[in-house]
Structure formats: C-alpha cells, structure tokens
Amino acid sequence: MRRPSAPPAEPPAQTEVVCGPVCAGKTEELQRQVTRSLIAGRPAVVFRPSTDGKTAIVSHAGRTLAGVRVRVVDPAGPRPHVRSGTRLVALDEVQFLPPETALAWVAHWRARGIAVLVVGLDMYHTGEPCPTTAALLAVAESFKKLRAVCVRCRADATRSRARDPLTPRVAPTRDGAPVMFEPVCFACWASPPAAA
C-alpha cells in the first residue's frame, strides 16, 4: 500500500537581514517575502517602529502592506505581541530601534521557532554604519545587501545622501513629507554637488 505523501517541509526558522541605501527595494523585498509566507499558509506579521511616522508599509513602487506600529519606550519593556501560530515576523525600518531591543526581540522570536526578517538602512547619510543593522547582521544566518541607482550618474548606489546637509543623522519620515534622502554611488556621495 502506498503511503500518502507528507506535506512539504517548512523551511527552518532563520534570521535574515535585508539592507542597503534608500530606494534600493528593501520594502519591496519585505512585501515579497511576507506575501510568499502568507500564500504558503505560514502566518506572518510586520512591525515597524512608531518613531517612523509612516502609517503603512509602502514601497517606492506604490505597493502597500498592512503593518503594526510598535512604540519603543523602554528597551527592556514588553515585546510586540505575536499570535500563536505565527511563522514569520518582519521588522521594517529597523534602524529606528535600539540595538539591544532588536537583538532581544529577535532572540525571543527565534527561541519560539519563528523566522525573522529585518529590513533597514545599513548606513546613515553621514556614512556611519547603523548600529542596529550591524548588530543584527552579526547574528543573522543570511543577508541581502541591495543597491539602488545613483540619482546623479546612474551607477549602482550604495549610499544615502541627505538633500539638506543639515538633516540629522536619524530623521524619521512622515506621510506626505518631502523626500529627504536620495540614493547615490560612493563617488557622488564623496563629492557632493556645489551649493547653488
């Protein structure tokens, strides 16, 4: 007698980091992976820090995905609630979380057998590494570093540049606000345009 075929094995729970400059497709990759998880019958939830003023997870291509805003007050405080049966937790705009908070949350979810996808900038517009992204890269099983297209010379963009040089290092965006950052290659980042 032939045995019924077993259901396809669920992929092992891992931590993946998707990072890069602005406009590199990070949010689109988050949306793709969350949608794929849902199609496969693996419940997923997306969290984003409330310090980022956006009300939804919207890619530069205009695609929208529902998310849950997380208020981070005390790094040692409670983690966002994840329903039983959740198989994927995605953290968007992770650069707005303190490193110790993000590491604690990821470790907790991984201990529960939940896959974690973290998405954010790898560097500030000043060229400094984002500490939270760097810390998560150290503990992740895999990562993708995406590139955009340089707005000045059309080469691969690996950096973000502030349109206004007085922009603070960490500047949350708000729905409807003008874009404060643009993607540039290293050469264009190192030689900013002359003042008008």
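**Exercise 1. Overall organisation**

What share of the contacts in the protein with a separation of 6 or more is accounted for by residues 24 or more positions apart?

*Solution.* The model is a predicted one, in which local features need pLDDT of at least 70 and side-chain atom pairs count only at pLDDT 80 or more, while totals for chains, interfaces and linings use all residues. Residues are numbered from 1 along each chain as its sequence is written, and side-chain values use heavy atoms, with hydrogens and water left out.

Taking contact to mean heavy atoms within 4.5 Å, residues 24 or more positions apart account for 72% of the contacts with a separation of 6 or more. The secondary structure consists of 4 helices and 12 strands, where helices (H or I, at least four residues) and strands (E, at least two) are DSSP runs numbered from the N terminus. Of the 196 residues, 41% are buried, a term that stands for under 20% relative accessible area with a 1.4 Å probe, protein chains only.

**Exercise 2. The setting of Thr 15**

Determine where Thr 15 lies and which residues it is in contact with, leaving aside its neighbours within four places in sequence.

*Solution.* Begin with the strand: Thr 15 belongs to E1, which covers residues 15-20. Next, consider its cover, since a relative accessible area of 1% makes Thr 15 buried. Finally, with neighbours within four places in sequence set aside, the contacts of Thr 15 are Val 106, Arg 110, Val 116, Ala 140, Glu 141 and Ser 142.

**Exercise 3. The aromatic pairs**

Find how the rings of Phe 47, Trp 105 and Trp 109 are arranged.

*Solution.* Rings of Phe, Tyr and Trp (its six-membered ring) pair if their centres lie within 6.5 Å, and planes under 30 degrees apart count as stacked, over 60 as edge-to-face and the rest as tilted.

Phe 47 is buried at 2% relative accessible area, Trp 109 at 0% and Trp 105 at 4%.

Definitions and conventions. Buried means under 20% relative accessible area, exposed over 50%, partly exposed in between (1.4 Å probe, protein chains only).
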